[in-house]
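Please keep the sequence and the three-dimensional view at hand while reading.

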Amino acid sequence: MTGDQTGGYIVRGVPASLKQDSWWLGCEGEPEASSAAPTKGQVWADLVRKGTGATLALVVLTALADWLFWSYAPGISAALFSWALYGAAVLLRSPDIRQIKPALLCLLLSSLPVIEHSQALSWGFQFIGLVTATAWIHLPARVQLPALASTALDLLRSVPFSGLKHLRRSLFPELAAKPEATEDRAETPASAQPSALAQYFRNWSFPIGGALVLVTLLLQANPLLEKGLLDLLSFDYDIRPLLHRLLFWSGAALMIWPFLQPVKPASKPKAAKPARQTSRSYGLNAGSVLRALVMFNLILAVQSLMDLSILMGGAALPEGMTLANYAHRGAYPLLATAMLAGGFALAARPYLENHASLKPLMMLWLGQNALLGLTSLLRLDLYVASFGLTYMRIYAMIWIGLVVVGLLLTAWQILRARSNSWLLLYCTGLGLGTLYICAFVNFAATIATQNLSGKTTVGPDWYYLCNLGPTAAHALTAARDANPDLHIPQGYASCWDMPLPVVNWREWGFRNWRVSSYAGAGFND
């Protein structure tokens, strides 16, 4: 026992247990609350409490997916499931009503194509609408388009891998928790500390092993229990359907889980550094652009005059070439030329202010390329008049039209000094809007009506018509009734058979329902 400068005494050799338990000797009031890190049990309880709502929603939605999609073709069920998933995300998030209304409108608009007809294009719109609507409710009420697009992309990147990460954290919370710096661990060498995974199995090894030993002893002592267990295990069951369903449940859960988790809104972009004055030249300068525009415009002028003289003026073609061959030979190369023209216009734009003639020459260049696109449409129309309509020819017509409008937008961008972002936004909106409209068009019926109208030079391709599917059945029947003299080759009469009714309401689609109603068929429960 020694004295210190304040007159107190320090007792050497006090046991460690007394030092830990005698805090009350030096406290005049209540002990302060412990600031120690939460225990493993507290961490697990906190995880369970926070994830209860999301876990319950995951189980319910996985069961709903099994009920709607297992053994059934997707139809209106895809829209119903998307609405249920969005509703669960809203309940878990509890956003402001100003966020719910526009997001719900976006989801409903994206569901219309899949309600009309179940196809890959409709499913794509439904999925994009669901991602956008879910991201919308995690953003402020007044959201800007770049922030919404960035948040939606972050959510899209998390499907389905975030579900695997959450599963690992739920099963092994010790792996996600940071090791606590305690006095005992400080005294223990790092090599001697068990890993979190080893500690996890150590906690469960004795209970499970003891339970197995106990069950083994009880089976030897109880013949009835042994017989019941043997009867339970001796079953004849094909395990493959169960495995397939388990895989379906796992895949559905992994796809659902990211939509039930909080989506971190995209952070505000950092202040952009001042842009450099230099830009990519692509081997161009003002002089080369001027000379190129003069030469290109002259070449296109010759091409356009020759096309118009043949297509509208009735000029003679080379010997041995028909209009159909002429149309097929030039439609797609002219389309490629028009697309390259747009790229050249963007590359040459920085030099248009260097000479007074450059901008008018660029407008003439874009106008001639738009005319080139129109002449390629005329060529394709001639080919269709000879050999009939197909899916690829319809898609080519739509694409040529988009390219022509894109060239006109490029000309408007140059005249109004708009940015490239403006052009990209409008071209993207134009493409998505066109695809959205196409989701409501029955192209199979359009092809059947055109090819059986009797306007084609070559007879209809019966094999192609018979493979258009049931959505063309009404058009085929109407064409046959309108033309009683239509000769149907032997073996193709089945094209006009009644389409199969929709097997179940889950597969219902407005287009299929119309076709079935025309043919007198319905759907079963």
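On helix H6, the face turned away from the buried side carries the exposed residues Pro 146 and Arg 157; exposed means over 50% relative accessible area, buried under 20% and partly exposed in between, with a 1.4 Å probe and protein chains only. The model is predicted, so local features need pLDDT of at least 70 and side-chain atom pairs count only at pLDDT 80 or more, while totals for chains, interfaces and linings use all residues. Residues are numbered from 1 along each chain as its sequence is written, and side-chain values use heavy atoms, with hydrogens and water left out.

**Helix H6**

- Helix H6 covers residues 145–157; helices are DSSP runs (H or I) of at least four residues, numbered from the N terminus.
- Its 13 residues reach 18 Å from first C-alpha to last, close to the 18 Å expected at 1.5 Å a residue, where the expected span is 1.5 Å times one less than the number of residues.
- Leu 148, Thr 151, Ala 152 and Leu 155 are the buried residues named in H6.
- Seen down the axis of H6, the buried residues fall within an arc of 100°, so they line one face of the helix; the arc is that of the directions from the helix axis to the C-beta atoms.
- An α-helix has 3.6 residues a turn, so residues three or four places apart point the same way.
- The cover over the buried residues of H6 includes H5 and helix H12 (239–260).

**Helices H3 and H5**

- Helix H3 (residues 76–93) packs with helix H5 (residues 120–136) at an angle of about 10°, their axes lying 10 Å apart.
- H3 is therefore roughly parallel to H5, a term for angles under 35 degrees.
- Ala 78, Ala 79, Ser 82, Leu 85, Tyr 86 and Ala 89 of H3 meet Gln 126, Leu 130, Ala 133 and Thr 134 of H5, contact being heavy atoms within 4.5 Å.

**Gln 126**

- Gln 126 belongs to helix H5 and counts as buried at 4% relative accessibility.
- Not counting residues up to four places away in sequence, Gln 126 touches Ala 78, Ala 79, Ser 82, Leu 107, Ser 110, Ser 111 and Val 114.

**Thr 390**

- Thr 390 sits in the loop between helix H15 (358–387) and helix H16 (391–415).
- This residue, Thr 390, is buried, with a relative accessible area of 16%.
- Leaving aside neighbours within four places in sequence, Thr 390 is in contact with Ile 447 and Tyr 464.

Notes. Axes fitted to C-alpha atoms, helices over the stretch in contact; angles between N-to-C directions. Helix = DSSP H or I, 4+ residues; strand = E, 2+ residues; numbered from the N terminus. Parallel < 35°, antiparallel > 145°, perpendicular 65-115°, else oblique.
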